[in-house]
Structure formats: C-alpha cells, structure tokens
Amino acid sequence: MTMTRSFPDDFLFGAATAAFQVEGAAFEDGRTASIWDAFSRVPGAVINADNGDVACDHYHRYRDDVALMKSLGLQAYRFSTSWARVRPDGGAVNPKGVDFYSRLVDELLEAGIVPWPTLYHWDMPQALEERGGWTARETTDRFVEFAVTMHEALGDRVPTWTTLNEPWCSSFLSYTAGAHAPGRQSVRDGLLASHHLLLAHGRAAQELRARGAQVGITLNLTVADPVDPSDLEDQDAARRIDGQFNRWFLDPLRVGAYPVDIVSDFRAVDEAAVAEFESAVRPGDLEIISQPLDFLGVNYYHGELVSGHAAEEPPVGGEAPTDRPTRSPYPADEDIHWHDRGLPRTNMGWEVQPEGLTRLLQRVAADLPGVPLYVTENGAAYDDELVDGAVDDPERTEFVRAHLSAVLDAIERGVDVRGYYYWSLFDNFEWAWGYEKRFGIVHVDYATQQRTVKRSGREYARIAAERALDIPVSAY
C-alpha cells in the first residue's frame, strides 16, 4: 500500500553542474588557466593526475545536453560561469567566453528550462591567485567586475543569480586544508579568504540588485550532532563543527557578525591569524555582507556525529587519498572525533541521512525567516557500471527518493522550500577525486562522451513529471 505526496505547484525540479567540472575546452576561445587548472597539475594533488581539460565536453556539446535535460523534464538548470573564460587572468572581457553563456541561456529558454547561474564555483583565474587570491581584498573588486559583466550579458533573460557556491570549500578547504585549489595550508589564509568571499558576495549582490536582479548565495551546510547530548565534551565538539562549518557563514549573512565563540576558538589556536583577520574586516563590510537575501541555496550531503572522545573504529571519511599531504579544514579541531551512526554509506564514505536534510532546512528557515530556500545540491556517488547500454543504480535511485521525501517533510512543517537541484546532472570531474567518483543521474563515458541516463535519472524524470512521490505507508 502506498500514499501519494505532492509537491507545491511552483516547486522547481532541476539539476546542477559546475563549469570546471563539465565544460572542458580549458584553453579554447580565449580561456586561460584557473586555479584548478594549475592545482590539478601539482604532483599528487588529484587522483590519477586527472584534470578538467576535456571533462564532459559540455562547451561543445551543450545543445545536445540541453536537449537531454528537456527529455528528462528538468525545469531548471543550475550551472556556473567560468571566471577564467569570461575575464581571463582577471582582466578584460573575453567576448567569446561571454557568448558561450549567452548561447547556453538561449538554448535553455528555447527548451523551457529556467537558467540558474552561479557566478563562482571555485575557478578563479590563476593570475589573480598569484596576486593573493581570496586573501587579497583587491580580488573582491575583480569579482564585482566579473559579476557585472555577466549580468550585462544575460540579465535581460536571467532574473535570478547566485553569487558564490560553498564559500566554506573555497576558503577553509582550499586555503587552510590545502585539499582544494589553490592548495594553501594556513589558518590565516583561510580566515582572510572567508571574509573576502563573503564581502565579494555582498558587493556583487549590491551591484546586481541595483540592476533589477534577484540575488542569493549557496552554502554547504550540515547537521552536527553530539554522540551523547548530555556529555559536555560531545556538546562542545558539535558546537565547534556547527560554528566552523555553518555559523561562520550564516551569522555574517543573517546578523552581520562572525560568531564570537568561534572567533575565540580560533584565537586560542592562532592569535596572530585572528588579529590579521580582524584588521581585514573594515567598517561597513558586515553591513554589505548582511544585506537581505532574495533566497538561500542549501547544499546538503550528510550530517556529522561528533564527540570529544575517540571512536573505537573511526568511520571512513570522504577525503580523496591523494599523495599530496593536507591538513584539517577546521582550525579549531582539537579533540573532535567523528563517529558512525550505523547508516548506509555512499561510495564517498558519507552516511545517507535524509532526516538530516529536514532538520537542516527547518534550522535555516528559523535562522533566516522569510527567506525562500532551494536545495541547490544533494547527491550521492556510487560505483556505477554501464552494462548492455544501461546503468542500474538502485542505491542512488532510493537516495533521490528519500531526500525528496525529506524535502516534503520540511515543506509540510512550514519551511518555504521552492526547488531541488540534484547533484549532478552528469558524472564529471570530482575535484581532488578526479574522475574516480560518479555522482550523475546521467552516465558519461569519458572516452567517447556518450551520455546514458541512469535508472535514477529516469526515476527523477518520472517524479518531476508527476510532481509527486509514491511512498510505501510502512516507510512514512
């Protein structure tokens, strides 16, 4: 016996990609190196020394790819624009780079698909990194120029813009852990990058909103739970993960202040780094950062179960086993230990925790009352195999269904969730993992560029067409 759960009439079903992960054409038509082109060539930084030179060749195949999206019934396509393609080296506008996105938008609109651009998904021009990257305040000036360029080109057809994708990754994972480009390992650099990224968001939002755009930002967020809610050390571990991962970005956006407790934690680790960070936060910065959002994108993959006590068998994490050493992205990570909930795990080693998405959406809605939410990324990697022209991926199929049900749970509890964008439309370049992990609802044969819709993709298309989920009563 099943029950049918319907989505709101205006709910958007979409899928997401990022420029560096799918476009390829790395050095064509005026595009120059991004930090990921440089980082992927550092020995040991990316598994198999993979790079984004070809990726999914979306740059050349976008018309066929849009036709595929239409066949799946996607209502929206979340893509990112390559800074290194549009303003190579952070300099003058490259007309051929702008023209690609104009043609892509036209193709999407012709297919009846909403274009949903993200300005920055981690592909800063390498030339800007060599001038300081996100640790340099000047980079915010260059980002605003890039944002205005894109809006001038597409703003007549694209009303909704996302400034940044996952600034936690492009600051602490990239400048403190060194696991992502540009690969620095510095508490100071991560702190400076985090502030300048948020400032870039705020300044670009001002410029685009003045031109009539609706503007938001996408954060990757988690639910951090203590193993024992009554244990003070477990409580503190959960507080510090929530603070360093969630509140460090949510609080400046919502109340115009960095969380005091986390600043104190960071100061205990590196007083000089915090002093420089505080000097970088100039009068007026937080007012710019905290201007009202038209929407917030929420990226969710899994929660965190943490303790102040070591686990007997620490769970396997999702870090790429690269040869190049990295460090923790959490500056204040002393005596934080991750534990296993006993849930199924994806091929990334991440636990499948749909109810965490419901709780997260409720928490964010409470933090940002009145701000519409979109699940802008949610997905899973599994070891997919192409057999006789088909990919049967029952685990991902169930992952999609379970997380869409979790979104419905949040909506039924009063949360204003207006869309869901599966990550990712295609198998693609998965950063330090290279091409080892497949997240797509569409399989890509990287040798031939053949696209094959997986079972999960067909199921997602069916749900989008029916705008409803059939749930076994026993599972609800």
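Helices here are DSSP runs of H or I with at least four residues, and strands are runs of E with at least two, numbered from the N terminus. The model is predicted. Just after helix α5, Gly112 has a positive phi of about 75 degrees. Across the whole structure, a search finds three cavities of 30 Å³ or more and 50 salt bridges.

**Helix α5**

- Helix α5 covers residues 95–110, and its 16 residues should span 22 Å at 1.5 Å a residue. The end C-alpha atoms are 22 Å apart, so expectation and model agree.
- Which residues of α5 are buried? They are Gly97, Val98, Phe100, Tyr101, Ser102, Leu104, Val105 and Leu108.
- An α-helix has 3.6 residues a turn, so residues three or four places apart point the same way.
- The buried residues of α5 pack against helices α1 (19–22), α3 (58–72), α4 (83–86) and α7 (138–154). They also pack against strands β3 (76–80) and β4 (114–120).

**Backbone exceptions**

- Most residues other than glycine have a negative phi, and most peptide bonds are trans.
- The peptide bond from Ala181 to Pro182 is cis, with omega near 10 degrees. Pro182 sits in the loop between α8 (167–176) and α9 (187–210).
- Trp423 and Ser424 are also joined by a cis peptide bond, with omega about 5 degrees. Ser424 belongs to the loop between β12 (417–423) and β13 (442–445).
- Glu166 is not a glycine, yet its phi is positive, near 50 degrees. Its place is the loop between β5 (160–165) and α8.
- Is Glu166 buried or exposed? Its relative accessibility is 5%, and buried means under 20%, so Glu166 counts as buried.
- Asp388 has a positive phi of about 55 degrees and is not a glycine either. This residue lies in the loop between β11 (373–377) and α15 (394–412).
- Asp388 has a relative accessible area of 80%, and exposed means over 50%, so Asp388 is exposed.

**Cavities**

- Rolling a probe the size of a water molecule over the atoms shows where empty space is left.
- The largest cavity has a volume of about 50 Å³. Its lining consists of Ala19, Phe20, Glu23, Gly24, Ala26, Arg31, Gly52, Ser82, Arg85 and Asp123.
- By class, that lining of the largest cavity holds four charged, three nonpolar and three polar residues.
- The second largest cavity holds about 40 Å³ of space. It is lined by Thr17, Ala19, Val22, Glu23, His58, Tyr77, Phe79, Ser80, Phe100, Tyr101 and Leu104.
- Which elements give two or more residues to the lining of the second largest cavity? They are α1, β3 and α5.
- The lining of the second largest cavity has seven nonpolar, three polar and one charged residues.

**Salt bridges**

- Side chains of opposite charge can pair when their charged atoms come close.
- Arg31 and Asp37 meet in a salt bridge at 2.9 Å, N to O. Arg31 and Asp37 are both buried.
- Glu278 pairs with Arg267 in a salt bridge, with the closest N and O atoms 2.9 Å apart. Glu278 is in helix α12 (residues 271–280) and Arg267 in helix α11 (residues 260–269), eleven residues apart.
- Glu278 is partly exposed, with a relative accessible area of 37%. Arg267 is partly exposed too, at 32%.
- Asp384 and Lys454 form a salt bridge at 2.6 Å, N to O. Asp384 lies in the loop between β11 and α15, and Lys454 in the loop between β14 (450–453) and α16 (455–466), so the pair ties together parts 70 residues apart in sequence.
- Asp384 and Lys454 are both buried.
- A network of salt bridges links Asp236, Arg239, Arg240, Asp242, Arg247, Asp261, Asp265, Arg363 and Asp367.

Methods. Residues are numbered from 1 along each chain as its sequence is written. Side-chain values use heavy atoms; hydrogens and water are left out. The expected span of a helix is 1.5 Å times one less than its number of residues. Buried means under 20% relative accessible area, exposed over 50%, partly exposed in between (1.4 Å probe, protein chains only). Contact means heavy atoms within 4.5 Å. On a 1 Å grid over the protein atoms alone, a cavity is a set of points where a 1.4 Å probe fits but cannot get out, and a pocket is an open set with protein on both sides within 12 Å along at least five of seven lines; lining residues have an atom within 4 Å of a point. Grid points are joined across faces, edges and corners, and a volume is the space filled by probe spheres set on the points. Ala, Val, Leu, Ile, Met, Phe, Trp, Tyr, Cys and Pro count as nonpolar, Asp, Glu, Lys and Arg as charged, and the others, Gly among them, as polar. A salt bridge is a side-chain nitrogen of Lys or Arg within 4 Å of a carboxyl oxygen of Asp or Glu.
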